[in-house]
Amino acid sequence: MSNECIFDIRRIMEMLPHRYPFLLVDRVLEFESGARLKAIKNVTMNENYFQGHFPNMPVMPGVLQLEALAQAGGILVINSIDEPLGDKVFLFTGLDKVKFRRPVVPGDQLELNVYYERNKLNIWKMRGVATVDGQVTCQGEFSAAIVDKGAM
């Protein structure tokens, strides 16, 4: 895998509102506007959820793998639209056809691959596949919307 960095953590933090402990994308390696994005999440024993999931057998929760894919999808969309978000935020709206295939443990580098499927009426549909060392850990389809912060 190439270590070339398209967006580093500083740039990612400019795009996403998430912060520790919920920022789950460390680096973007590949980006094709309106088509796809490849990012990574380095999984370390320092992650706060490992205290309880599970003691003496740390496993990254599947929902956090999906959240990492959704955040990567947000970066894809934010960098594919023609105007800045301004007072809007990109929110997860749904999941479909989700499958978990392999546990993710400390020391793994989770590769996040997100593919644009379509968008209509401000709803973006994407497909995501997370892998570790070429093995699928989880996959699924998800949707998200760009929403005015004042409407929340």
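How many nonpolar, polar and charged residues does the lining of the largest pocket have, by class? The lining has twelve nonpolar, five polar and five charged residues, where Ala, Val, Leu, Ile, Met, Phe, Trp, Tyr, Cys and Pro count as nonpolar, Asp, Glu, Lys and Arg as charged, and the others, Gly among them, as polar. This is a predicted model, in which local features need pLDDT of at least 70 and side-chain atom pairs count only at pLDDT 80 or more, while totals for chains, interfaces and linings use all residues. Residues are numbered from 1 along each chain as its sequence is written, and side-chain values use heavy atoms, with hydrogens and water left out.

**Largest pocket**

- The largest pocket has a volume of about 380 Å³, and among its 22 lining residues Leu16, Pro17, His18, Val89 and Phe90 are the closest to its centre.
- A pocket here is an open set of points on a 1 Å grid over the protein atoms alone, where a 1.4 Å probe fits and protein lies on both sides within 12 Å along at least five of seven lines; lining residues have an atom within 4 Å of a point.
- At least two lining residues come from each of α1 (9-15), α2 (62-78), β3 (88-100) and β6 (135-148), the helices (H or I, at least four residues) and strands (E, at least two) being DSSP runs numbered from the N terminus.

**A buried charge**

- Glu111, in strand β4 (residues 109-120), is buried and has no salt bridge, the nearest side chain of opposite charge being that of Lys38, 4.1 Å away.
- Buried means under 20% relative accessible area, exposed over 50% and partly exposed in between (1.4 Å probe, protein chains only), and a salt bridge requires a side-chain nitrogen of Lys or Arg within 4 Å of a carboxyl oxygen of Asp or Glu.
- The side chains of Glu111 and Asn113 are joined by a polar contact of 2.9 Å, that is, a pair of N or O atoms within 3.5 Å, one able to donate a hydrogen and the other to accept it.

**Backbone**

- Most residues other than glycine have a negative phi, and most peptide bonds are trans.
- The peptide bond from Tyr20 to Pro21 is cis, with omega near 5°, and Pro21 sits in the loop between α1 and β1 (27-32).
- The peptide bond from His53 to Phe54 is also cis, with omega near -10°, and Phe54 belongs to the loop between β2 (36-42) and α2.
- Lys97, in strand β3, has a positive phi near 55° and is exposed, with a relative accessible area of 57%.
- Leu121, in the loop between β4 and β5 (123-132), has a positive phi near 50° and is exposed, with a relative accessible area of 77%.

Conventions
Lys, Arg positive; Asp, Glu negative; His and termini not counted. Points joined across faces, edges and corners; volume = space filled by probe spheres on them.
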